There are 2 protein chains.
Amino acid sequence: MSASGDGTVGKALEVLDQVASFGRPVRFSELLDASPFPKATLYRFVQTLTNQGMLSFDPDRGMYAPGVRLVRLAHAAWQTASLAPIAQSHIDQLSADVGETVHLAQLDTAQVIYVDKRNAAEPVQMYSQSGKVGPAYCTGVGKVMLAYLPDPALAEVLAQQSYHRFTDTTHTSEASLRGELADIRANGYGFDREEHEPGIICVALPILTETNRVLGALSVTSTTTRTNLAGLESLVDRIRATAQAISKEAASWHFPVNANT
Amino acid sequence: MSASGDGTVGKALEVLDQVASFGRPVRFSELLDASPFPKATLYRFVQTLTNQGMLSFDPDRGMYAPGVRLVRLAHAAWQTASLAPIAQSHIDQLSADVGETVHLAQLDTAQVIYVDKRNAAEPVQMYSQSGKVGPAYCTGVGKVMLAYLPDPALAEVLAQQSYHRFTDTTHTSEASLRGELADIRANGYGFDREEHEPGIICVALPILTETNRVLGALSVTSTTTRTNLAGLESLVDRIRATAQAISKEAASWHFPVNANT
DNA sequence: AACCAAGTTTCAAATAATGAAACTGGTTGG
DNA sequence: CCAACCAGTTTCATTATTTGAAACTTGGTT
């Protein structure tokens, strides 16, 4: 009842995603090879999306790329719907206090999207950092968000994970992942034990509403050469304070003015 | 043959734009009031877009906002289709050299989208800056891009401008704007003579391909208290060098590898 | 000139979108 | 307590749009 296949619009967005996933401009024929749609159908989608500015077309090279209209829309999305503007000052502070890299992430269907990041050393962060995606089943932020998902939604998301073995601590089955999710719910926080990249570890906490819906997650990342899980665990209280502050601000944020009526 | 109204997909994207334009989460009924679509139709669009992650829905408050999937797509758009990654180092340099604010913009249908910005004083730039929009007919970057548009496209875009009088130098008719566009083509650069905001002036140059298609525009902005049009005009050669460097890099950028076949 | 590949258009059949109206569930107020 | 009201949701016959195989066009190659 959710994923892909809502009529024409769903299909068009699938095409849009495909173009985006190339990460470079693409020929029509390349898209066709990778697409489930017949030539004429794909052609019309690409035309429509280009007309709409969701794709841009370079007539000199005959190539399509994601369009600038997306940049405009994303500006709105980032400002209105992401936690980034609210969280900004809080994660600045957190990153300064703990002296490690802080990530702010949200869930997009079955994937993790990093919406902001603070690097202890280099306090500047860039647009190009926001929007990066990662797998949900083997990142700290991913797992803590999954842990607090209500059951019907969780089942759907778990079914979509690829369970690719990145390292030898990566979860490779839904069963083992579910086991850890229970632990996370019990503790209120979770770790990445080099599950995605060797040498990289993190602690993560969810950002929840008063009604316990998942808004996003925070993590503090480090390396095994600098610290260990126990070291990261000692930061949990500090991180929780930030998560709660963000949650509290998010609750009052929406709908600044309620004039008229 | 272009703007709005390509079938169902076009309508759905219109709805998406509408949600984004509120700049805050919206109730369904608010959208309905501002929408040309009947209740059931709008309802289905909103459902589909939410399913697809293009909108997010807050069930506690019954409100819709742009969804995080847009952030992911925009990341791809910004990286692949915008000039920002290519231009980065060039505009850093330009901004440092001239000691003024530099804007990098592209055209989205009839609007200007700022894809990057350098503030002389504060060298950091943020995601939240990228994606901002402005009118094409009364900004330096907008006018120089219009000036190099091929005629059928230009006519369409000019028809869509609102010609709102922001200040008393603002163009208020297509005719007067067309007059200036001819001058810009003759000179190769254009000004903003406090047309959008009093006290704010700029010089702008287009970024063109070898075939003279418009890729984007660069501008250097200042205030009437600090300099004047002649002062800005003296920067033209320096800015042109940057515009050409970006154009050259853009030409070789696309399609890094061309393996197989 | 014949060939080929990539891109574009056509058109009847199949499918999906449409929207007036009816329904639900919650809130207000008489 | 009931009636009116409102926001949101669902229904279903009608209508319009999408669909895709096939034919065609364009530009380059042998």
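User: What makes residues of chain A and chain B count as in contact, and how many are there?
Analyst: The test is C-beta atoms, placed from the backbone, within 7 Å. By that test, 59 residues of chain A are in contact with 59 residues of chain B. H4(A) gives the most to chain A's side, with 13 residues. By class, that side has 27 nonpolar, 23 polar and nine charged residues. Here Ala, Val, Leu, Ile, Met, Phe, Trp, Tyr, Cys and Pro are nonpolar, Asp, Glu, Lys and Arg charged, and the others, Gly among them, polar.
This is a predicted model, where local features need pLDDT of at least 70, side-chain atom pairs count only at pLDDT 80 or more, and totals for chains, interfaces and linings use all residues. Residues are numbered from 1 along each chain as its sequence is written, with chains lettered from A and ligands numbered from 1 in the order in which they are written.

User: Why do E1(A) and E3(A) count as paired?
Analyst: Pairing takes at least two DSSP bridges, and two join E1(A) to E3(A), so they qualify. They run antiparallel, with A:Val26 opposite A:Tyr64 in E3(A). Strands here are DSSP E runs of at least two residues, and helices are H or I runs of at least four, numbered from the N terminus.

User: Why are E1 and E2 of chain A at the edges?
Analyst: The open sheet runs E1-E3-E2. E1 and E2 each have a single partner strand, so one side of each is left without a neighbour in the sheet.

Key. Two residues are in contact if their C-beta atoms, placed from the backbone, lie within 7 Å.
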